[in-house]
Amino acid sequence: MEVTDGEIEVFFSAVFHRYGYDFRSYSQNFYETLNRLTITVTNLFRDPAFYRSLKDHVLPALAERKGFKVWHAGCSSGEELFSLMMLLAEADLLDEAILYGTDINPEALRRAKAGILGSDVIRKGARAYHDAGGQQTIMDYFRVNHGYGLFQKSKKANLVFSVHNLATDSAFGEMQLIFCRNVLIYFNEALRDRALELITESLSQGAFLCLGLQETLMFSSVDRFYDTIDSKHKIYRKK
Ligand SMILES: C[S@@+](CC[C@H](N)C(=O)[O-])C[C@H]1O[C@@H](n2cnc3c(N)ncnc32)[C@H](O)[C@@H]1O
């Protein structure tokens, strides 16, 4: 659907009058505005105890398969994918995986594709990596130069990034694991259910879904299709 500049102006004018956020002067550059509207905060090993639970409850089931697909919906600048890839490498499962990282925000995806992180992000991640049960040192995964770290290319072999909008786009097929963490929290009930239905359609039977710690399947339209694996860390398995 073609959206005119006039329609965008009307939209941002409505946002300003209702919420007081003034994006009107950005309306000529929609990507710039999108960047400001979407909250892309992320971290390496965000919620380390969640990753410990993932190691205990999900990786053993993936290890039984010959090849598996993982989708990170709303992956922002990629830290979540890089975290999982480190744990998969240490479980000797990385070569079995094809990983998809999607987001609505092309600027965040550009950073994810580049795989370049600030050294402060990596330093903070080092502690979380350890708390998540990492077995080596986080520096084994980055080449650091002039205050930045480049996620090692050899570890990015089976990684695909693309723009995908959970509000309007369709399902991805036959995933064995989907991360959709700290994304649904920004949606209203109808949009949350739409996204969860799309995600449920994208998961194979017996596959896993991971949500953010403040998110839940409870009271959603898809709750009945899942068993709860870890209620505290929001890990679910499709029946
Ligand atoms: C707070 S970040 C969470 C990043 C990561 N999953 C984490 O937990 O650290 C939320 C991400 O969701 C993305 N997002 C927001 N609405 C979206 C939509 N409709 N479809 C896909 N991604 C969306 C934002 O661009 C942002 O990168």
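View 1. Leu109 is buried, with a relative accessible area of 2%, where buried stands for under 20%, exposed for over 50% and partly exposed for what lies in between (1.4 Å probe, protein chains only). The structure is a predicted model, in which local features need pLDDT of at least 70 and side-chain atom pairs count only at pLDDT 80 or more, while totals for chains, interfaces and linings use all residues. Residues are numbered from 1 along each chain as its sequence is written, and side-chain values use heavy atoms, with hydrogens and water left out. Leu109 has its place in helix H6; helices (H or I, at least four residues) and strands (E, at least two) are DSSP runs numbered from the N terminus.

View 2. Glu107 belongs to helix H6 and, at a relative accessibility of 27%, counts as partly exposed. From Glu107 to Leu37 the separation is 70 residues in sequence and 12 Å in space, taken from C-alpha to C-alpha.

**View 3. The second largest pocket and its lining.** By class, the lining divides into 6 nonpolar, 5 polar and 3 charged residues, with Asp, Glu, Lys and Arg taken as charged, Ala, Val, Leu, Ile, Met, Phe, Trp, Tyr, Cys and Pro as nonpolar, and the others, Gly among them, as polar.

View 4. The ligand is surrounded by 21 residues, and the closest are Thr42, Arg46, Asp103, Asn165 and Asn182; a residue counts here if one of its heavy atoms lies within 4 Å. This shell holds 8 nonpolar, 9 polar and 4 charged residues. Among the polar contacts (pairs of N or O atoms within 3.5 Å), an N or O atom in the side chain of Asp103 is 2.6 Å from an oxygen atom of the ligand. A nitrogen atom of the ligand lies 2.9 Å from a polar side-chain atom of Glu80, and a polar backbone atom of Arg181 is 2.9 Å from a nitrogen atom of the ligand. Of the 600 Å² of accessible area that the ligand has on its own, the protein covers 96%, by the Shrake-Rupley method with a 1.4 Å probe.

View 5. Asp92, in the loop between helix H5 (79-90) and strand S2 (97-103), has a positive phi of about 60° although it is not a glycine, and Asp92 is exposed, with a relative accessible area of 68%. His146, in the loop between strand S4 (142-145) and strand S5 (148-151), is likewise not a glycine and has a positive phi near 45°; His146 is exposed at 76% relative accessible area.

**View 6. Ser220 in its loop.** Ser220 lies between strand S8 (203-211) and strand S9 (226-230), in the loop, and is buried, with a relative accessible area of 10%. A polar atom of the Ser220 side chain is 3.4 Å from the backbone nitrogen of Asp223; within protein, such a contact requires that one atom can donate a hydrogen and the other accept it, and residues adjacent in sequence count only if both atoms are side-chain atoms.
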